[in-house]
Amino acid sequence: MTKDRLGELSAAGVAIWLDDLSRTRLSSGGLDQLRREKHLVGVTSNPTIFAKALSDADEYDWQLKDLAIRGVDVEEAVRMLTTYDVRWACDVMRPAYDATAGVDGRVSIEVDPRLAHETEKTVAEAGALWWLIDRPNLFIKIPATEAGLPAITATLAQGISVNVTLIFGLDRYSQVMDAFLAGLEQAKANGHDLSKIGSVASFFVSRVDTEVDKRLEKIGSAEAKALRGKAAIANAKLAYERYGTVFSSDRWQALADAGAHPQRPLWASTSTKNPDYRDVIYVEELIAPGTVNTMPEPVIHAYADHGETHGDTITGSYDEARKVFTDLESVGVDMADVIATLEREGVEKFEASWLQLLDGVRKSLAAAGKGTGHPGNAAKGNAQAAQQAGGNA
């Protein structure tokens, strides 16, 4: 019999999520197939993913034509297009949500990344996306910037589930967990059912190695080059250590007693950027109970083909991870600067993708307004919309 490698990974306590979303994936049934056949229990999206999805497919033509006829501006059009897909994906993933009592089956949508440094606007945007999509298994993605931290707390306090994104460093991760606890404490005080509120903390992985390896290559010594490919996994392992400390505290226990679910660490950016590294290294080396690993589809299939699950590969390796950090410092890598650089570039990259998305939709709206939409697509879209309207609320 064929070995069910993804099943083994899931049994080890890792929730398998897909780092991708498109209307083609939805309309073809591909997302539902991954849920049924590959142990998929969650989906993440971001501005880069949506920019690619809208540029690659004509599945959006009918909706773009309708939006153009109505004279909707480009920013509202982007909101309508992306929330349509996420709402549909929420309905596809609803069986996983129901089967896990609301822990999994989640689909994430990100607030406008241009708001990353504006707390009040982020909170307002999170609320607008929450009521617009109107699905209980939705996650609103908020970046872990300094302005994002109070926005995370305020959003959770309203009973809205949050995926905290763009976490690179340990100290910022500790601040994120504190913002989560504060948000749940306020939500409880506001009368919300804590068992209905979910959260994950998206800790980025491969981008850390990309930045650190670049610096190690520049240093050029044998000691430096020997440390390539080690920083990201060490960083994530030490994050899990902090997770264990926070979620065994008395402060957390009081919330757990009120029905709260822990904010799980989610390993993001898990495709290897260096072809010399094993293609599933950021999955195999980060297996531990209560974690999420969000992967592009090629990584999911790679793990299904040759991934190896050997129990918990994180717990008990903290001293080894700390030594990696000590060694990096000794050869001249400033990890504080690495983390600051990654956070700044992460926000900038998502802003650039958002602008690319806006530009693409602006051009598509203009073309649709000239009557260049594909004939029959409007009827197809209306049928899809009717199908969704009867979905899970």
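Biologist: Where does the charged end of Arg207 sit?

Modeller: General idea first. A charge sits over a ring if NZ of Lys or CZ of Arg is within 6 Å of the ring centre and within 35 degrees of the ring normal. Here, the charged end of Arg207 sits over the ring of Phe350, 5.8 Å from its centre. The charged end of Arg106 sits over the ring of Phe139, 4.9 Å from its centre.

Biologist: What should I know about the model itself?

Modeller: This is a predicted model: local features need pLDDT of at least 70, side-chain atom pairs count only at pLDDT 80 or more, and totals for chains, interfaces and linings use all residues. Residues are numbered from 1 along each chain as its sequence is written, and side-chain values use heavy atoms, leaving out hydrogens and water.

Biologist: How many aromatic pairs does the structure hold?

Modeller: Rings of Phe, Tyr and Trp (its six-membered ring) pair if their centres lie within 6.5 Å; planes under 30 degrees apart are stacked, over 60 edge-to-face, the rest tilted. The structure holds 11 such pairs. One of them joins Trp17 and Phe139; it is tilted, at 6.1 Å centre to centre and 35 degrees between the planes. Trp17 lies in strand β1 and Phe139 in strand β4 (residues 138-143), so the pair ties together parts 122 residues apart in sequence. Strands (E, at least two residues) and helices (H or I, at least four) are DSSP runs, numbered from the N terminus.

Biologist: Is Trp17 buried or exposed?

Modeller: Buried means under 20% relative accessible area, exposed over 50%, partly exposed in between (1.4 Å probe, protein chains only). Trp17 has 0%, so Trp17 is buried. Phe139 is buried too, at 1%.

Biologist: Which residues of helix α4 are buried?

Modeller: In α4 (residues 47-56), they are Pro47, Ile49, Phe50, Ala51, Ala53 and Leu54. Their cover includes β1 (14-19), β2 (40-44) and α17 (335-369).

Biologist: What caps the N-terminal end of α4?

Modeller: Asn46 does: a side-chain oxygen lies 2.9 Å from the backbone nitrogen of Thr48.

Biologist: What does Arg172 touch?

Modeller: Contact means heavy atoms within 4.5 Å. Leaving aside neighbours within four places in sequence, Arg172 is in contact with Ala144, Thr145, Glu146, Leu149 and Glu343. Arg172 belongs to helix α9 (residues 170-189). Its relative accessible area is 14%, so Arg172 counts as buried.

Biologist: And Lys225, how accessible is that residue?

Modeller: Lys225 has a relative accessible area of 35%, so Lys225 is partly exposed. Lys225 is found in helix α11 (residues 222-225).

Methods
A polar contact is a pair of N or O atoms within 3.5 Å; within protein, one must be able to donate a hydrogen and the other to accept it, and residues adjacent in sequence count only if both atoms are side-chain atoms.
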